[in-house]
Amino acid sequence: MADHAGTAASATGPVQALPLRQLAVPWIAVAALAAVAWGVAVVLAQSMGNGPGTMGLALLPFLGLWVVMMAAMMLPSVAPVAVLWTRLISGASAGTPRAVRMGMFLSGYLLAWATCGVAAFAALAGAARLLTASPAAAKWLGVAIFAAAGIYQLTPWKDWCLRRCRSPIGSLMYYLGFKGRSRDIRVGLHHGTTCAGCCWGLMIVLIAVGVMNIAVMAALAVVIFAEKLWRYGRPFGRAVGALLVATGVLAIWFPWLLPGLHVSGMPAM
């Protein structure tokens with residue numbers, strides 16, 4: 001069964017490899033978690049605003065916020081992989097044991113993104129200092145961020161990571177060699193690292209537009225979902241890359257496109 005499902009997954013992606021009735025309940029559960037994370041993110045954005053940099057947050061509070069954001073943006077697109085692992089590979093029985101194993105997988109996945117949050121914190125703090133020292137240089141940083149994000153969408157490295165997110169059966173079969181009680185967490189961590197390699201270019205856009213920019217967060221979540229699960233995800237991602245480069249060029253003359261690197265977005269001293 002696993003071999004047959006693996007062939008199907010490799011050809012069409014993890015969603016099409018499973019009947020809808022097998023996907024529905026766990027995917028709805030993960031989508032509900034994502035919806036809760038979106039609700040928390042929106043409430044925090046309303047109370048905190050969308051200032052530049054880390055908005056005055058220390059590392060640990062920022063990481064808490066970052067994990068909530070990643071849960072909101074990433075869980076809908078990773079749900080099919082979690083289902084594929086727990087149902088067809090790990091052999092977990094139905095009910096609570098399977099839910100626990102999926103929870104461990106998702107915990108490892110978010111742990112990978114939490115690690116990326118440390119780098120995001122450093123980048124945002126550095127961008128805020130640059131904005132204070134030289135607003136003109138900060139504008140060019142924003143231009144470079146959009147250009148880098150767009151160009152990465154067109155590179156072979158992006159394609160390599162995206163293939164493993166779209167058709168992860170090869171990686172999941174490799175994970176069969178993982179042993180021990182922490183197996184599901186380590187599988188989630190490994191897949192989360194691959195996902196971060198796929199999506200880091202999109203995430204750095206938040207440095208330029210503000211880390212709590214809910215509209216951009218939603219747009220990025222749609223792009224990530226489409227890239228991973230839509231049959232035209234690859235060409236769509238390349239089109240998004242061209243759009244990002246064009247936005248970076250326009251930002252040279254329209255700095256309001258970079259609200260996260262704009263003096264007017266700085267809190268009053």
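Leaving aside neighbours within four places in sequence, His 191 is in contact with Val 78, Val 81, Phe 105, Tyr 109, Arg 164, Cys 165, Pro 168 and Tyr 175, where contact denotes heavy atoms within 4.5 Å. His 191 is placed in helix α8, which spans residues 183-203; helices (H or I, at least four residues) and strands (E, at least two) are DSSP runs numbered from the N terminus. With a relative accessible area of 4%, His 191 is buried. In this classification, buried means under 20% relative accessible area, exposed over 50%, and partly exposed in between, with a 1.4 Å probe and protein chains only. The model is a predicted one, in which local features need pLDDT of at least 70 and side-chain atom pairs count only at pLDDT 80 or more, whereas totals for chains, interfaces and linings use all residues. Residues are numbered from 1 along each chain as its sequence is written, and side-chain values use heavy atoms, with hydrogens and water left out.

The overall architecture of the chain comprises 11 helices and zero strands. From the N terminus on, the order of elements is therefore α-α-α-α-α-α-α-α-α-α-α. Of the 269 residues of the chain, 49% count as buried. Among contacts with a separation of 6 or more, 81% are accounted for by residues 24 or more positions apart.

Helix α4 (residues 96-133) contains Trp 113, a buried residue with a relative accessible area of 2%. Beyond the neighbours within four places in sequence, the contacts of Trp 113 are Trp 66, Met 70, Met 74, Gly 192, Cys 195, Ala 196, Cys 199 and Met 203. Trp 66 is 47 residues from Trp 113 along the chain, and the C-alpha atoms of the two are separated by 8.3 Å. Helix α4 also holds Pro 97, which counts as partly exposed at 41% relative accessibility. Between Pro 97 and Thr 86, 11 residues apart in sequence, the C-alpha to C-alpha distance is 9.7 Å.

The cysteines were examined for disulfides, defined as pairs of cysteine sulfur atoms within 2.5 Å. The count by this rule is zero. The sulfur of Cys 195, one of the contacts of Trp 113, lies 4.2 Å from the closest cysteine sulfur, that of Cys 199, which is too far for a bond. Cys 195 is buried, at a relative accessible area of 0%. For Cys 161, the closest cysteine sulfur is in Cys 198 at 6.2 Å, again too far for a bond. Cys 161 likewise counts as buried, at 10% relative accessibility.

One cavity of 30 Å³ or more is present in the structure. On a 1 Å grid over the protein atoms alone, a cavity is a set of points where a 1.4 Å probe fits but cannot get out, and lining residues have an atom within 4 Å of a point. The largest cavity holds about 40 Å³ of space, the volume being the space filled by probe spheres set on the points, which are joined across faces, edges and corners. The lining consists of Gln 153, Lys 158, Asp 159, Leu 162, Glu 227, Arg 234, Gly 237 and Arg 238. Helices α6 (156-166) and α11 (233-250) each supply at least two residues of this lining. By class, one lining residue is nonpolar, two are polar and five are charged; Ala, Val, Leu, Ile, Met, Phe, Trp, Tyr, Cys and Pro count as nonpolar, Asp, Glu, Lys and Arg as charged, and the others, Gly among them, as polar.

Notes
1 Å grid on protein atoms, 1.4 Å probe; cavity = no way out; pocket = protein on both sides within 12 Å on 5 of 7 lines; lining within 4 Å.
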